[in-house]
Structures are given as C-alpha cells and as structure tokens.
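This report describes selected side-chain interactions in the structure shown below.

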Amino acid sequence: MARQQQPPPWVHAAFLLCLLSLSGAIEIPMDLSQPPTITKQSVKDHIVDPRDNILIECEAKGNPAPSFHWTRNSRFFNIAKDPRVSMRRRSGTLVIDFRSGGRPEEYEGEYQCFARNKFGTALSNRIRLQVSKSPLWPKENLDPVVVQEGAPLTLQCNPPPGLPSPVIFWMSSSMEPITQDKRVSQGHNGDLYFSNVMLQDMQTDYSCNARFHFTHTIQQKNAFTLKVLTNNPYNDSSLRNHPDIYSARGVAERTPSFMYPQGTASSQMVLRGMDLVLECIASGVPTPDIAWYKKGGDLPSDKAKFENFNKALRITNVSEEDSGEYFCLASNKMGSIRHTISVRVKAAPYWLDEPKNLILAPGEDGRLVCRANGNPKPTVQWMVNGEPLQSAPPNPNREVAGDTIIFRDTQISSRAVYQCNTSNEHGYLLANAFVSVLDVPPRMLSPRNQLIRVILYNRTRLDCPFFGSPIPTLRWFKNGQGSNLDGGNYHVYENGSLEIKMIRKEDQGIYTCVATNILGKAENQVRLEVKDPTRIYRMPEDQVAKRGTTVQLECRVKHDPSLKLTVSWLKDDEPLYIGNRMKKEDDSLTIFGVAERDQGSYTCVASTELDQDLAKAYLTVLGRPDRPRDLELTDLAERSVRLTWIPGDDNNSPITDYVVQFEEDQFQPGVWHDHSKFPGSVNSAVLQLSPYVNYQFRVIAINEVGSSHPSLPSERYRTSGAPPESNPADVKGEGTRKNNMEITWTPMNATSAFGPNLRYIVKWRRRETRETWNNVTVWGSRYVVGQTPVYVPYEIRVQAENDFGKGPEPDTVIGYSGEDYPRAAPTDVKIRVLNSTAISLQWNRVYPDTVQGQLREYRAYYWRESSLLRNLWVSQKRQQASFPGDRPRGVVSRLFPYSNYKLEMVVVNGRGDGPRSETKEFTTPEGVPSAPRRFRVRQPNLETINLEWDHPEHPNGILIGYTLKYVAFNGTKLGKQIVENFSPNQTKFTMQRADPVSRYRFTLSARTQVGSGEAATEESPAPPNEATPTAAYTNNQADIATQGWFIGLMCAIALLVLILLIVCFIKRSRGGKYPVREKKDVPLGPEDPKEEDGSFDYSDEDNKPLQGSQTSLDGTIKQQESDDSLVDYGEGGEGQFNEDGSFIGQYTVKKDKEETEGNESSEATSPVNAIYSLA
C-alpha cells in the first residue's frame, strides 16, 4: 500500500511554465505601436525530404504588421522571379513547390528571414537548408571470409554517406536478426565484431543494413559468407552450455587485445550538452569482460550508463566537468589490457545573459546586455535593424561597451531592433531585442475580478498582467487594507504576479493589485477561495487472492464539498477498463472471479478540478501452477526409469507436490492412472515399473490453489515381460441359484499382468469330501459351477497365468453354493406388553438344517387391526421388525397406544422368507396424547387475549381434558405461573389481561388417564407502540404535503368530488331514484362481535366460509355442519358418558343435525370424530 498526494498532472506543467514567465520581460500590448519580434522559425540545420515540398518557417509580430524578405547565401532572394517559391499570407514562411517539377537540391543553401516595419527590422537565424539523401550501396562481390576458430573477426559495414546518418543493423540474407552477445556485437561505427569466432558462427551469413529516416528505406549490403577452420569439425549442440566450451572444442586460450580503438591510448572531443560515447571492443579467448573507470574520480552515476554488453560508456548532457581521462579494462583468465581515452569538452556559444526587449519612456536611461560563454570564448557582434552597428547612423544617446549598449535620455527616434550575434568555431547564437520608447499610463491586461480557487497548504500565484511606460510599480493589498504584500509568505515577481508560498485558511479573501507610474494608476482585483484538500483516508491494501475469488479494494475519500469529486482507477499506471467482472463504486472497486491477468498494482485516483490524491495497492493472484514441460526419460532399466521435467510457473503459490501419472496402450489405452507422488522441491524421480507395460508418463503440479493441467506426455518405454507375481484379489464363491455357485474375482490390471495373454486358472472342490480339484482356464473375471447341492461349502483357488508362466500358488477361499427358502417357522411365539408403544417377543429358534442357507435374521410382521376408540379408522398397513442373527427374543417399538395388533414371525436367509408362524394378537394400553393442533393466540384489544386450538391428531386414549399454563413476562422479568384446566370438548378460552404492557407465554397440553401429553407453546403478540406510528406518519405527512405532485393530486380529487356532487344534485332535482336498502325491508345480519372491539382475524380457515357453504338471501352465512355443538355428536339430544363418567359422545356417529342459531357457548364446540378418523 502506498500513498501519494499530488495535484493533477496539468498543474505541474502549468506551474513550470509560470515560473519561466515570472522573470520574463513585460510585453507591449498588441494595440500599441512596437517593432517586429520573431515568433517562429525553422531550425538552424533544416533537413527536408526530397519527396515533399520545402517549407522554411518565419513568423513575426509587430504593430504595424511587419513585412518579410529573405536572403539566400547572404544575397537578396527575389521570390517573385521563381514560380516555384511563394510566401504564405501574413507570414514570412517560404513554400517551395515541386509538383510541377524541379530538383530540391537546387535550393540547398543558407537562408535568413527579415521582418520589418517602420520601427525596425528583426532577423531570423541563418537556416541551413539540406535535402535528405539515401544513396544506394555500391555493388561489390564479397569473397567468403575464412577464419580460424577462436580468432577475432571484424565485418565492416561502410554504409554510404546519408543525410542524416542512417541507422545500422545486421541481419542474415533471409532477414533474420543476428543474435548479439558479449562475444558478437555491433560497434558504434556499424561494424560487426567477433571477439572470437566459433564453429556455430558459420551457420548463417551476415548482411549489413542501413535504414534512412526521411525516405523510410532500407539499403542492404551484399552478405558476407563465413567459413570457419576448426580442429573439431563436429558441431555438437550439447557443448554450447559446457562450462569450458573452448577447451571442449580444442580452441587455444589467448590474452585480450583491442579491436577498437587501436593501441593503448586515443582522444575524443565532444561538445557541451551532447552525449559522449566511449567504446572499447576487445578480442580474446575466453571472451574478455570490459570495465570502465575515470582517472582521478568516479564515473558520473547520474549521467553514465553502459551499453552494448559493457563495451560502450554513454555520458548524457556532457559538461566541462566531464573532461579528463577515461580508461577501459578488458580482462579474461589469461590476463588484462587497458586503453586510455582523453576526453576534451568544447562548447558552442550558450547564453549567460540574453538581451531582452527594452521599453523606455522619453528621457529614460536603459541598457541591452549580451553575454555568452563557450569554448573557445565566443566573439560578440552588435547589429541594428539587420545592419552592423558600425555602419548605422550615429546616435549621441547610444554607447557601445563590449557586450553592453547603454542608452541615455532616450527619445522617440531611438526606437529600433538590435541584434546580438555571438559565435565561435562550433556555432553561433543570434538574439533580437528591440528598444521601444512609449509614453503610456498604467493599464491592466487581464479580466477584472477573477476567481482563483486553491487547495489548502499549496503554493499559488495570483497574476496581474499590466503595462505602462515608464514601467509602473506594482503593489498588492488584501481586502482593500493593510500594507503592501511582499516578504514572508508573499513574493511579488517582476511581471507583477504575487506568489503565496503556502496557502492557509486566513489567506482567503480579495486581493487588489495597483500599478502606478507618473502618468497615473490602474488596479484589478482577484478573489481567492481556499478549499480543503482531497484526501484518501481509507486506502486500498495489498492483497493476496486465490484465482476465482472476489476481491474488494477500498478507497474512501474526504474532499471539499464545493468541488466535484471524481474517483478513477489505474492498473499498472494505465487507465483501468471496468469490464463485466468488475464493479466500481464510490468507495471501492470489486473484482469478481479474480484471474491471473488481474495481478498488478491498482491505483485509486481521487481528483477534483484543483487537486488529486493517489493510493496504490498491489494485488497478487494465486493461481494454479503452469503445466510442467520437457519431460525426459533417462537411466532406462528393466524395472525402473528416471523421469525429469522442468517445472512451470507456480503463479505466486509454491508448488507442494508433483503427481506422476502413466498410461498403457494394452488394457486401457487412453486412461491415465496415478503412479506416484513427489514433493514440490524435486523435478526428477526414479519410477518403479512393472514388466510388459508400454508406459507413457505425464506430470501434474499441485499448489494450494489447485492442480495444473497435465504436462505433454513423455515418449513411450516398454518393459520386458515376466510371469505374474500376484494372483487376482477379492475371490468369492456365491450361489445365484439354489443349484449353482458363481466364482468371481477382481481382474488384474496392466501393471500386474507382467506379460501377454493374461488368463486365470480356476479350481474348486467340496470342502467336506476332500475330492480332487476341478479346474478350468478362464479369460474373464467369473465362472459358474452348476449342479451343486443346496448351500454346501467349497474350497476355491484362482491363479494368474500369462505367456511367460504361472503366478504364485493362490490362497484357498471358502465359498458356498446357492441357498433355498427356509423350511420352518419360529414356534412358541410369546408376547409381553412393555408399555403403550412397545412389546417384548420371545420364540423358539428353528433347526439349522431347515434354514437351507445362511440365517440372516428373524423377522416380525405386524399390523394395526383397530383402535379402541370407537369408529376411529386406522391404517392396516403391514410393518416389520428385524432381529439379525440367530437369537430367541427381541423388542418391537413405535406402536400406537390404545390399539389392537396382530403379529406373525418368519426366519430369513439369503434367498428370502420362510413360512409364517401362527398369528398372535395383542392390545396396547392407553397412552398420552400428542400436542393440540393449530394452537392460535389473538389479541383483539389491550384488555383481552383469545386462545383457540384443535384436538390432538393422535389422542392415544380417551381425552379427559386440557391443561393451560401461562405466565406474564416483561423483558427478562417473569410473573407467577397460572394453571387452567378445561373439559375435553373445550377449544376456546378468553383471558383478561392484568396490564396492557406485559406479554404472555402459553403452554397447552391434552390429558388422558395416563397423563398429560406433548405441549404446544405460543406467545401473545407484542403490544403496539402508539407513539412511533404517529410520529412516523407525521414526518411522512410533512414530507409528502410539501411535494408538488401531492398538492396537484389533492386538487384533482377535490375537483372530481365537486363534479360528482353537482351531477347528483341535478339528478335528484329531476326525480332520480337511488337503490337504497331500508332497514325495514332487508334485515341485516347480527353484528360481528369483532367489530365492537376493533379486532381483525387474519386466519383464512376460521373466518371465511368453507367450500360448499351457501349465503342466505339476507346476506348472512348459514352455519355449517361443523358448528361446535356437542349435541350433534351424541346418539340423542344429549351427550353420553361411560359408567366411570368419562365423556364418549365425541366418538359416536352423528345421526341427524338440527339447525341452530349459533348462540351456543364457546366452551361446547369442535367435533373431533373427523379429526380422529385421520389417526
């Protein structure tokens, strides 16, 4: 994770340009009279493409606009006489057109542009026009170059002289680049140097190529053919990486010697500001190493770099300090040699003080200064309006003192353009500077009342461009008061700009600049606003992610709210393309399904129009390793081979294991099997092999992320054959019918066959008789022995055999022939009831000879014959209980209480069930009921709670009532538990709340004579919070009421209601009738008691009519046959009871139904016959 706070890139460039202009001369506004100034011109050495028109640029400004003329080779160039030459309108730029013919070379020469108006003449540089040249290579026949192996060789290029000089490179005649290294390389002069020639250099030819810049053409020299004489004519490629290839090839070793430059010393001159290139190329065996040094000091580390395999030293932007003696040292194990290069730095003229335009008021004094340096020292020549100063008319107000012209008491007549030409043998500099005499009061040149916004703690500059003559003095004030701003945190430049070195909050305000001279004053204002900086306060962090996972890079930004924030992302310093797998949000970047290509640095760029902040993080993606490659088999033996491979890239997650797989082409061609596994630190392993297998290997790399793709297969390797060393496994003998035995085994695979034509010798005999072995040869993996007695043991052997011989003696396995159904059933079955849901069984076991197979289990079949509850339908589906092994007793559980059951028993072997025992009957006693169904708690108001429930699905006996337990609670506080008991026919209960705040927890269970059953638990609803909805509604109402759409909607509704009222009134006045329902005509149904207390019941099954119900004519719903009346379920008009007083009317069948008015008590409800019939 890295952070970098910086302004936008354009701010840097703008600030540098501003610094350059701060100390520049004040320019005259173009609406005032002024001499010419050259604004654009071609370079001094102007090389042009002969295929294009020639353009020589010269542009100037002035008032009045200047006119132009040219000289060529110091003589007036009459443009009007040459139809090919024209001058652009309002410019001095020359255009030479060759579309109608002509040779560009005819126009080569030295050109100079003159821009003139009535106040003076300005000159351009002397422009040397040259036409680019790309001459052809001279035709030549090159003889083959014959050289002894190990000797040095130079192949000379000697390219034709071009303008500019061509770029040289070496290739073969088939346009393949020549591989260069420490031994073979191209020199700075274009020649190809061999420090020592090897036999492999003869494999190609060598052609020098020259690429010319302007014509975009490549000239190719005839190729050199190289013939190498050697003592070892075999070019063994395996020797190329030999640690001592020269001695391996019989090449004599030699001490180094220099091929370029020659001798032990040389000298070189370079101009200041250019690049110095020093080169040393040496021969020798082995190839020498080159090192560079400077006598009496170190190499300039900030400017020096090594090129061409250390054979060249380049020093950029040379200065006088770089002169001195340099030496290169060439060394190998045979010795060393050095060459000294004396470097002299000369200099073309360069400015120390370039003359600047001089703006004076009448009577003022001034001076023009022209100072330059160079080596040798340049001379200075002054001119005025393009003429030597000596030949100009005398001016008593002007005095020349070497590199300075002094003006005293200047007048309007002193206006002119002066040229300073400083030159030496290496070049020249020409500068124009005019003297303008004006009488102008101060004026502001920028728009008034500008707004400048700047970031806190940054440096800023407030511009106030102005003009006046005499040059006005400028002062700055803040908020219209105080002293002049200069010094401390402020600095005023010559051109009037005010620099504030570090902006603070208190620097915000209005700044006024005032320009004053003797003719008056002018002022302007700049409003400065200080903004908070943009900061990334939660930066993205470096992350390591597995391939396919999701990564989120955070970037949370704080910025000035008045500035528009833009958050963008860079990947590897380039703009990030947000594809389908990426999601960019304001404060994060999410990458879904990370892939290897997502690895890299991610930079969050938070920017406003004034500044930006950067934060960088690196995402490392852990991927599956790349596949191993270049598999090689070595150390080939009868039962082993060495496999070597080159590991692939681990993709940032270390390789932990290698899995070697093999494939054979006889038994399972194309199917790969795991052979062995090796640690990730090895790349070579010895593999143990089986005889007579045609092996092919591949390797898979494994790291924490996953497995690589398999490598490409190795070459095949077949081992020799041998007799089998093992026999098939998993031999079994089992009957599939009562009179057979099937012998099976697992077939041997390719690595255990050991030879061709693998087969199996199968032997068997009865165990008791010890008869002779029966045998058969089988090619598959099974054999069936027929006509066997029922379930007798056999001894079995299976032996492997191939064309090389038999395997070892096999082990004997015991198998059995087929089984038949058992002949006998368990006897004397006794049943003992344990509880309401379980019984205990006991029986006499059968004799072993009646089983006719392997006894698997005794099995009890039982079914529910009926329930002791009257008219309760039961399922008579048979169920079973298994008792594995030869045992005489067991337990049957999970029975229904209060029911009649029947039971039978059988014995089971591998063939199936035997005959059934005598059917036994038993009855389960009464049990506890299941939980009441559909237990519901409703709270119609704050005073009462209504409870409703349905009878248990499984009563498991005669219900004697219900027990309700409930307790009040408020948070963690619990009240006293209250217990209520109800009759068995009651399914409703209404409870009065003790307080409107507490909630209640209810537990309801049904009871039989045995006890209470499973309980159902519910809690009362939470009391409504009256304050919260009201407040929410008020807030929402306030929000909506202020919306325009809501006001419009309300107005439309009011208008619609008004129209409807008017229509109704008109219809009524015309005698219209309305279908109203009078109480006397249509009686209303009884009021719903739930309307009184305001409760709502959302239970679909309780409040809506059942299917098939009918609505009466008066709109009420008739009571259905499911009304909760106990009378309906008795034999007569009243319910019936047993002798012990228990209620049994609920289990009787309904004979007839009287229509009721629905006024029965809620405690006498809910029929249960239909419910119990589902048990």
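## Basis of the description

A residue is called buried at under 20% relative accessible area, exposed at over 50%, and partly exposed in between (1.4 Å probe, protein chains only). The model is predicted: local features need pLDDT of at least 70 and side-chain atom pairs count only at pLDDT 80 or more, whereas totals for chains, interfaces and linings use all residues. Residues are numbered from 1 along each chain as its sequence is written, and side-chain values use heavy atoms, with hydrogens and water left out.

## Salt bridges

A salt bridge is taken to be a side-chain nitrogen of Lys or Arg within 4 Å of a carboxyl oxygen of Asp or Glu. The count by this rule is 58 salt bridges. One of them joins R759 and E801, with an N to O distance of 3.5 Å. R759 belongs to strand β67 (residues 759-766) and E801 to strand β70, so the bridge ties together parts that are 42 residues apart in sequence; strands are DSSP runs of E with at least two residues, helices are runs of H or I with at least four, and both are numbered from the N terminus. R759 is buried, at 15% relative accessible area, and E801 is buried with a value of 15%.

Between R103 and E105 the closest N and O atoms are 3.8 Å apart. R103 is partly exposed at 48%, and E105 is partly exposed at 29%. In the bridge between R461 and D463, the closest N and O atoms are 1.5 Å apart; R461 is buried at 18%, while D463 is partly exposed at 31%. A network of salt bridges links R538, E554, R556 and D587.

## Aromatic pairs and charges over rings

Rings of Phe, Tyr and Trp (its six-membered ring) pair if their centres lie within 6.5 Å; planes under 30 degrees apart count as stacked, over 60 as edge-to-face and the rest as tilted. This rule gives 23 aromatic pairs. The rings of Y791 and Y816 are stacked, because their centres are 4.7 Å apart and their planes lie at 15 degrees. Y791 sits in the loop between β69 (782-786) and β70 (793-802), and Y816 in strand β72 (residues 813-816), 25 residues apart. Y791 is partly exposed at 23% relative accessibility, and Y816 is partly exposed at 32%.

Y901 and F922 also form a stacked pair, with centres 5.3 Å apart and planes at 5 degrees. Strand β78 (residues 899-909) holds Y901 and strand β79 (residues 920-923) holds F922, so this pair ties together parts 21 residues apart in sequence. Y901 is buried at 2%, and F922 is buried at 7%. Ring pairs also link W949, Y962, F982 and F989 into a cluster.

A charge sits over a ring if NZ of Lys or CZ of Arg is within 6 Å of the ring centre and within 35 degrees of the ring normal. R878 lies over the face of W863, 3.9 Å from the ring centre, and R1001 lies over the face of F969, at 4.4 Å.

N421 lies in strand β37 (residues 416-424) and is buried, at 8% relative accessibility. Beyond its neighbours within four places in sequence, N421 is in contact (heavy atoms within 4.5 Å) with R126, T379, V380, Q381, Y428, L429 and L430.
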